[in-house]
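Below are my notes on the model you sent. They are in numbered points, going from the whole chain down to single residues.

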Amino acid sequence: RDFILNENVTESSVKDIVTGILAVNRHDDKKQKEDPNYVREPIHLVVSSYGGSAYDGFGLVAVIDSSETPVYTYCYSKAMSAGLVIFSAGHKRFAHPLARFMYHEVATGLHGKLTSLKHDMEEIQSLQDTYDGYLLATTNLPKHIMEEKCKYVKDWYLSAQEAFNYGLVDELLVSKRNK
């Protein structure tokens, strides 16, 4: 029930996590049919990613979002770009105070003929709308700040405390060291 995403978001980096979450849900479904009092233990996903493919990130988000077994997400270092939206999908979200988060507009490396580029731009805008819509639905991130960051082509970095204040993080982890 423990998974780690500690690389760029790609088809191959999310494959085992998607497969694992689906397998845990099948296992828990079977256990619940056998015993109606069965309690699903949460799945734990550590997110440590600079981001990557929006399509592959949304695939993992969809699996987390539709998981009947709760998926808890943890950030100890970074959750940026596609990693941010994956982190935000957690049913409960935890972050260490040293963690950092980053939002920015969907990036692309388009090239081609004008007509093709126009069509591709429509798809990219749809991806941006999906990305923003999901974050707005699962957090209290202010839409006006998100729009401002996109308008001025800026990355928006947030500390764990800021992410907590905006409802992106549900609980800040505390140090267990003796002081």
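1. The chain contains six helices and eight strands. This is a predicted model. In sequence order, the elements run β-α-β-α-β-β-α-β-β-α-α-β-α-β. The chain is as compact as a globular protein of its length, because its radius of gyration of 18 Å is close to the 16 Å that the globule rule gives for 179 residues.

2. On overall dimensions, the C-alpha trace spans about 60 × 45 × 25 Å along its principal axes. The chain exposes about 10300 Å². Carbon and sulfur atoms account for 52% of that area. Of the 179 residues, 45% are buried.

3. The next point concerns one helix pair. Two packed helices are described by the angle between their axes and the distance between the axes. For helix α2 (residues 54-65) and helix α4 (residues 114-138), the axes come within 12 Å and cross at roughly 35°. The crossing of α2 and α4 is left-handed.

4. Which residues form the contact between α2 and α4? From α2 come A54, Y55, F58, V61 and D65; from α4 come E123, L127, T130, Y131 and Y134. By class, the α2–α4 contact has seven nonpolar residues, one polar residue and two charged residues.

5. A54, one of the α2 residues that meet α4, lies in helix α2. Is A54 buried or exposed? A54 counts as buried because its relative accessibility is 18%, and the cut-off for buried is under 20%. The value therefore falls on the buried side of that cut-off. A54 and S88 are 34 residues apart in sequence, and their C-alpha atoms are 14 Å apart in space.

6. G51 sits in the loop between β2 (43-47) and α2. At 2% relative accessibility, G51 counts as buried. Leaving out residues up to four places away in sequence, G51 touches N8, V9, M80, S81, A82 and G83.

7. Phi of S81 is near 55°, which is a positive value in a residue other than glycine. Please look at this residue in the viewer. S81 is buried, with a relative accessible area of 12%.

8. L136 belongs to helix α4. What is the relative accessible area of L136? The figure is 30%, so L136 is partly exposed. Apart from its neighbours within four places in sequence, L136 is in contact with L141, K143 and M146. L136 and L45 are 91 residues apart in sequence and 21 Å apart in space, C-alpha to C-alpha.

9. L136 in α4 is partly exposed at 30%.

How values were computed: Residues numbered from 1 in each chain as written. Predicted model: local features only at pLDDT ≥ 70, side-chain atom pairs only at ≥ 80, totals over all residues. Heavy atoms only, no water. Axes fitted to C-alpha atoms, helices over the stretch in contact; angles between N-to-C directions. Helix = DSSP H or I, 4+ residues; strand = E, 2+ residues; numbered from the N terminus. Left-handed = near helix turned anticlockwise from the far one by under 90°. Contact = heavy atoms within 4.5 Å. Nonpolar A, V, L, I, M, F, W, Y, C, P; charged D, E, K, R; others polar. Rg over C-alpha atoms; globule rule 2.2 N^0.38 Å. Buried < 20%, exposed > 50% of the residue type's maximum accessible area, 1.4 Å probe, protein only. Areas by Shrake-Rupley, 256 points an atom, 1.4 Å probe, with all protein chains shown as cover.
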